[in-house]
Amino acid sequence: MRPSSTAVAVDRVRVSTFVVPTDGPESDGTLEWDKTTVVLVETSGGGLTGIGWTYADRAAATLVHERLIGAVEGQDATGIAAIEARMATSVRNDGRPGVASTAMAAVDASLWDLKAKLFGVPLVTLLGARRASVPIYGSGGFTSYSDERLREQLGSWVSDGIRMVKMKVGRDPERDLNRVEVAREAIGEASLFVDANGAYARNQALEFAHAFRTLGVVWFEEPVSSDDLDGLRLLRDRAPGGMDVAAGEYGYDPHYFRRMLQAQAVDVLQADASRCGVSGFLGVDALCEAFDVPLSAHCVPALHAHLGCAARRLVHVEYFHDHARIEHLLFDGAPTPRSGALSPDRSRPGLGVDLKRADAARFAA
Ligand SMILES: [Mg+2]
């Protein structure tokens, strides 16, 4: 426990970049990839070190060096809001949404981890726990997968006790219904989500909404581009009952989320603390409460396990195949699902994860 009210100066910020190849070619409705870049920040103060990370382009590491270290070093590690304001000012001319926000988010997470460690408590305790565990949904089902791989991945999550799973659609619309049927067969009564990553046109998405619903799909993510707020609203109004329209993963600042909520574009709002920051995610949660809309955490399970147990309106965390795999490769203490939920490890301070330096070294970029 940190003694008295003395400020603890941040004495060092370090940044590293890792590039981790995927375990096979991956694609969704609009993108293909074969590797994931992790930008990791270590922030030291008071004899302790906090870690935070983002899944972003390596340009985020450059921005941490060029813009953020000077805004953070020497500041009080427990005064995260004040540091946030300094970081936001320092990236003003770079444009805050996008890469600059991911750089800020990695630093922000490292500060929250450090602050919790300074107080000797898990992050969820520092934030204020509302629940002991948070439900997850298994997320993968890439459009690059064979039917066999699709069946195997989704089916194994359900066998492990995960009750909701998500697959990608939209790359080859002629195959989509068949792929969804394959998934449905593999998962039995489990809840099935689809994510088109904005691949469909409005009318096409509407037609698919009805067809997917007959196969028991209950979640239609980015049926059209998440920038098409009127299109999302149209889908939301005209999709069959029992199907939630969701978007929000590309939100970097509060204005983005407010616009999406004001447009009544989603049934469930998504947010990603590795993009909007831990601090930003808590703000999104407050917006969700004000607009009476549920919140779902996008990817980064080791981070969202803590946030998910503290957020007011959170309904589930996306247990994304790539990130779950990477977090187990790089971090000691990465959480493993039990009975379809993640529970932060309350025996460890902060985020409860430590970088496996020797293992991580082979991915250093
Ligand atoms: Mg998505």
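Two strands are said to pair if DSSP finds at least two bridges between them, and helices (H or I, at least four residues) and strands (E, at least two) are DSSP runs numbered from the N terminus. The model is predicted, with local features needing pLDDT of at least 70, side-chain atom pairs counting only at pLDDT 80 or more, and totals for chains, interfaces and linings using all residues. Residues are numbered from 1 along each chain as its sequence is written.

**Exercise 1.** Determine which residues of helix H6 are buried, and what covers them.

*Solution.* Helix H6 (residues 173–187) has 15 residues and reaches 21 Å from its first C-alpha to its last, close to the expected 21 Å, the expected span being 1.5 Å times one less than the number of residues. Its buried residues (20 or more other C-beta atoms within 10 Å of their own, against 12 or fewer for exposed and in between for partly exposed, with C-beta atoms placed from the backbone) are Asp176, Arg179, Val180, Val182, Ala183, Ala186 and Ile187. They lie on the same side of H6 because they cover an arc of only 160° around the axis, taken from the directions from the helix axis to the C-beta atoms. The face turned away from that buried side carries the exposed residues Glu174, Asn178 and Glu181. Among the elements covering the buried residues are helix H5 (147–159), strand E5 (164–168) and helix H7 (202–214). H6 is followed by Gly188, whose phi is positive, near 60°.

**Exercise 2.** State how many helices and strands the protein has, and how its radius of gyration relates to the globule rule.

*Solution.* The protein has 13 helices and 14 strands. Its radius of gyration is 20 Å, close to the 21 Å that the globule rule gives for 365 residues, so the protein is as compact as a globular protein of that length; the radius is taken over C-alpha atoms, and the rule is 2.2 Å times the number of residues to the power 0.38.

Terms used
Two residues are in contact if their C-beta atoms, placed from the backbone, lie within 7 Å.
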